[in-house]
Amino acid sequence: MNLLITGAWNDAKDHFDELEKMGHHIEFLQFEKEALPCSYEWVEGVICNGLFLSHEIEKFANLKYIQLTSAGFDRVPMEYVEEHQIEIHNAKGVYSIPMAEFALFGVLELYKQGRFFMENQNQHRWKKHRELLELNGKRVCIVGCGSVGTECAKRFRAFGCTINGIDLVPRNDKNYEEMFGLDRLEEILTESDIVVLTLPLTDQTRHLIDEVKLKKMKRGAILVNIARGAVVDMNALINALSNLGGAVLDVFEEEPLEEEDPLWEMENIIITPHNSFIGEKNNERLWKIIERNLK
């Protein structure tokens, strides 16, 4: 197969020999916004992330295979893919472990007042904090119970939390106390100490967490968003923060977050630059998926 591989696959060049031994012909495009190193007609398969945001998929006349380096499908015109029966795979499971660890870290950072102690350390100041919280016994609502959400459930459960799930297709799963449909979200929010968003961005989930949902959340609750920024109405979140215990935000509707955005100055916010998916074993897991799917 004629494969166009982009720099979205970080260590792609380390596997070129193996791919060629499998019978594939390779062209490499470091930056997906740039011109292709080959004709559109040459391409039969792609390994990419946001290639079709800069190159119209209709130009790839012979495209029959897509491997994404991301877990989400929101950067691909799925209607076209389905209409033309193009085989497509995502990177499900590649980033679930580091993202789940990040969600746990973010909540603990707020519960254990990490910023307070770091500031004291920088100032060489010995000062106790008497209002630290425990994870044990807290109720966690995970919205989106795929591989990322389930890895989150495992870790919070290990800390003695009760885990409820919200998913488009509820199921029985030993990692959750119970799992409900989206129609139960508002009800579950009222009793949850921690809400973790791990669901995909679709027309149905855009601004799912809006003013109404935020008002339903418990006073002092923490919101964690490691899904997509547009799942949360950010203006509504800013207005609701005085009632919440804080928010852990790794994703934003517009990235990078503008320097003048008021979120930067808020004390009960942890902001990271879409970084929660990073882990040293990602490349190993991604290669296993790519190799299996191509075979």
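Asn164 has Glu178 as its bridge partner in strand S8, strands being DSSP runs of E of at least two residues and helices runs of H or I of at least four residues, numbered from the N terminus. The model is predicted, so local features need pLDDT of at least 70 and side-chain atom pairs count only at pLDDT 80 or more, while totals for chains, interfaces and linings use all residues. Residues are numbered from 1 along each chain as its sequence is written, and side-chain values use heavy atoms, with hydrogens and water left out.

**The sheet**
- Strand S7 (residues 162–166) pairs with S8 in the parallel sense over 3 bridges, where pairing requires that DSSP finds at least two bridges between two strands.
- The open sheet has 7 strands in the order S8-S7-S6-S9-S10-S11-S12, with parallel pairing.
- Strand S8 (178–180) and strand S12 (269–271) stand at the edges with a single partner strand each, so one side of each is left without a neighbour in the sheet.
- From one strand to the next, the twist averages 15 degrees, with angles taken from 0 to 180 degrees between the N-to-C directions of axes, which are lines fitted to C-alpha atoms, for helices over the stretch in contact.

**The helix across the sheet**
- Helix H4 (residues 96–111) lies across strand S9 (194–197), strand S10 (222–225), strand S11 (246–249) and S12, and runs at about 150 degrees to S11.

**Ile270**
- Ile270 lies in strand S12 and is buried, with a relative accessible area of 9% (buried means under 20%, exposed over 50% and partly exposed in between, with a 1.4 Å probe and protein chains only).
- Leaving aside neighbours within four places in sequence, Ile270 is in contact (heavy atoms within 4.5 Å) with Gly106, Glu109, Leu110, Arg115, Ala247, Val248 and Leu249.
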